[in-house]
Amino acid sequence: MAKSVLLISRHAPWAGSDAGEALDIALAAGAFDLPLSILFMDDGVLQLLEQQLPRMLEQKDLSANLQALPMFGIEQLYVAQQCLNLRGLGDSCLAIAAERLDDQHIQQLLRQYDYVVTL
Amino acid sequence: MTTLHVLNASPSNAAQLSSCLRLMSAGDGLMLCGEAVQALRDGSAAAQQLLGGERAYQLYALEEDVLARGIDAAALSVTLVDYPAFVALCVDYARVNSWT
């Protein structure tokens, strides 16, 4: 049985390479059929917003990679509701569909995986 | 099925600590190393967070990082560990979540 991984992505898409590298981990895991889910929290929730122009900051556009996740077998995307709320995005329409979880459900989520990787 | 959360960034410029505390479950461990041990300074805002409420997790800190910074951690019930003990903790918990 392959070990399951929960990837916690905590960084904004235009602030350095962390968000992109987290996605690379996800896509690599998907390519090897590793059961992996992603939880977006803290500034990581900003990756899910629509209409961003990262090229204005000479940063790579991650939205194509995010859209590709289901093709790599990564179906489960979660987002921390409170992190959306804190950024005034509580009811925002997200470009990528992700299940909204409160803190208590996130605690439960963590316990369901063999490994947790935070980036 | 508990988790050891490892923090390494100063509480004054990273949301690591508060985010980590929000998703910790009862029985989890919190290991402070590097600049994260600044959270043990008595009277600091971060120490208030660590002391606030009923603590249902074990608190550890890397002894050499605490001593190097001249922090008196006696006020907080924290277990000071050396590197071999740190390794042993990583093995003891079901998983390790290293915050960056």
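How many bridges join strand S1 (residues 5-9) of chain A and strand S2 (residues 36-40) of chain A, and in which sense do the two strands pair? They pair in the parallel sense over 5 bridges. The legends below describe a predicted model, in which local features need pLDDT of at least 70, side-chain atom pairs count only at pLDDT 80 or more, and totals for chains, interfaces and linings use all residues. Residues are numbered from 1 along each chain as its sequence is written, and chains are lettered from A and ligands numbered from 1 in the order in which they are written.

**View 1. The sheet of chain A.** In chain A, 5 strands form an open sheet in the order S4-S3-S2-S1-S5, with parallel pairing. Strands count as paired if DSSP finds at least two bridges between them; the elements themselves are DSSP runs numbered from the N terminus, with helices (H or I) of at least four residues and strands (E) of at least two. Strand S4 (99-101) and strand S5 (115-118) of chain A stand at the edges, each with a single partner strand, so one side of each has no neighbour in the sheet. Neighbouring strands are turned by 25° against each other on average, direction ignored. Within the pairing of S1(A) with S2(A), Leu6(A) has Ser37(A) of S2(A) as its bridge partner.

**View 2. Helices against the sheet of chain A.** Helix H1 (residues 18-31) of chain A packs on the sheet and touches S1, S2 and S5 of chain A, its direction making about 160° with that of S1(A). Helix H4 (residues 103-111) of chain A lies across S1, S2, S3, S4 and S5 of chain A and runs at about 110° to S4(A). Axes are lines fitted to C-alpha atoms, for helices over the stretch in contact, and angles run from 0 to 180 degrees between N-to-C directions. Confidence is expressed as pLDDT, the predictor's confidence in each residue from 0 to 100. Chain A averages a pLDDT of 88, and 100% of its residues score at least 70. Among the elements of chain A, helix H2 (residues 63-68) has the lowest mean pLDDT (84), and strand S3 (residues 77-80) has the highest (96).

**View 3. Strand S1 within the sheet of chain B.** The open sheet of chain B has 5 strands in the order S4-S3-S2-S1-S5, and the pairing is parallel. S4 and S5 of chain B are the edge strands, each with a single partner strand, so one side of each is left without a neighbour in the sheet. The twist averages 25° from one strand to the next. S1(B) runs parallel to S5(B), to which 4 bridges join it; Thr3(B) has Arg95(B) as its bridge partner in S5(B). S1(B) also pairs with strand S2 (residues 29-32) of chain B in the parallel sense, over 4 bridges. Here His5(B) stands opposite Leu30(B), and Leu4(B) has Gly29(B) as its bridge partner.

**View 4. The two faces of S1(B).** In a regular strand the side chains alternate between the two faces of the sheet. Strand S1 (residues 3-7) of chain B is mostly covered, with 5 of its 5 residues buried. Thr3(B), His5(B) and Leu7(B) lie on one side, and Leu4(B) and Val6(B) on the other. A residue is buried if 20 or more other C-beta atoms lie within 10 Å of its own, exposed if 12 or fewer, and partly exposed in between, with C-beta atoms placed from the backbone.

View 5. The contact takes 12 residues from chain B and 12 residues from chain A. Residues are in contact if their C-beta atoms, placed from the backbone, lie within 7 Å. On the side of chain B, helix H1 (16-22) and strand S5 (95-98) are the elements that give two or more residues, and S5(B) gives the most, with 3 residues. Ser19(B) lies in helix H1 of chain B and is buried, because 23 other C-beta atoms lie within 10 Å. Leaving aside its neighbours within four places in sequence, Ser19(B) is in contact with Met41(A) and Asp42(A).

**View 6. The loop position Arg69(B).** Arg69(B) is in the loop between helix H3 (63-68) and strand S4 (79-81) of chain B. Arg69(B) is exposed, with 12 other C-beta atoms within 10 Å. Beyond its neighbours within four places in sequence, Arg69(B) is in contact with Val37(B) and Gln38(B).

Note on methods:
Contact = placed C-beta atoms within 7 Å.
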